[in-house]
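Look at the fold as a whole before turning to single residues. The paragraphs below go from the core to the pocket and then to one loop.

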Amino acid sequence: MVKSERAVAVGTAPGKVILFGEHAVVYGHPAIAVPVFEVQAKAKVRLAEPGRGVTLESRDLEMRFFLSDAGSDDALAAIVWKTLA
């Protein structure tokens, strides 16, 4: 197994369908939602060579880029930066 391909952490989350109250949760009110296990998001964190930085990859969206190259308007990069801070 190549070191840069070894998964350090893997996370998954099911999709969801919001049946009622989609915008209500913004104001602290409850909503009714159900998981959709046939659709899921999956994230892997892998070791990389030193000095390469963080690489974001989404196979479903056919995206792959270095976090340092992301634009200031990239929502995925913003989430990663806030998580790392």
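A nonpolar core is a set of buried Ala, Val, Leu, Ile, Met, Phe, Trp, Tyr and Cys residues joined through side-chain atoms within 4.5 Å. Buried means under 20% relative accessible area, exposed means over 50%, and partly exposed lies in between, with a 1.4 Å probe and protein chains only. The model is predicted: local features need pLDDT of at least 70, side-chain atom pairs count only at pLDDT 80 or more, and totals for chains, interfaces and linings use all residues. Residues are numbered from 1 along each chain as its sequence is written, and side-chain values use heavy atoms, with hydrogens and water left out.

The chain has 1 helix and 4 strands, in the order β-β-β-β-α from the N terminus. Helices (H or I, at least four residues) and strands (E, at least two) are DSSP runs, numbered from the N terminus. Of the 85 residues in the chain, 9% are buried. The chain exposes about 7,300 Å², and carbon and sulfur atoms supply 58% of that area; accessible areas come from the Shrake-Rupley method with a 1.4 Å probe, and for residues only the protein chains shown count as cover.

In soluble globular proteins, nonpolar side chains tend to be buried together. Here the largest nonpolar core consists of 5 residues: Leu 56, Phe 65, Leu 67, Ala 77 and Val 80. Beyond its neighbours within four places in sequence, Leu 67 is in contact (heavy atoms within 4.5 Å) with Val 54, Leu 56, Ala 77, Val 80, Trp 81 and Leu 84. Across the chain, 43% of the contacts between residues at least 6 apart in sequence join residues at least 24 apart.

Next comes the pocket. On a 1 Å grid over the protein atoms alone, a pocket is an open set of points where a 1.4 Å probe fits, with protein on both sides within 12 Å along at least five of seven lines; lining residues have an atom within 4 Å of a point. The largest pocket has a volume of about 1,200 Å³. Its lining has 30 residues, and Ala 43, Lys 44, Val 45, Thr 55 and Glu 57 are the closest to the centre. Strand S1 (7–20), strand S2 (32–46), strand S3 (55–58) and helix H1 (75–84) each give two or more residues to this lining. S2 supplies the largest share, 7 residues. By type, the lining divides into 15 nonpolar, 7 polar and 8 charged residues. Ala, Val, Leu, Ile, Met, Phe, Trp, Tyr, Cys and Pro count as nonpolar, Asp, Glu, Lys and Arg as charged, and the others, Gly among them, as polar.

Now follow the chain out of S1. Leu 19 lies in strand S1 and counts as exposed because its relative accessibility is 55%. Leaving aside neighbours within four places, Leu 19 is in contact with Ile 32, Ala 33 and Val 34.

Gly 21 and Ala 31 are both in the loop between S1 and S2. Gly 21 is buried, at 17% relative accessible area, whereas Ala 31 is partly exposed, at 35%. With neighbours within four places left out, Gly 21 is in contact with Pro 30 and Ala 31, and Ala 31 with Phe 20, Gly 21 and Val 25. The C-alpha atoms of Ala 31 and Phe 20 are 5.5 Å apart, although 11 residues apart in sequence.

Key: Grid points are joined across faces, edges and corners, and a volume is the space filled by probe spheres set on the points.
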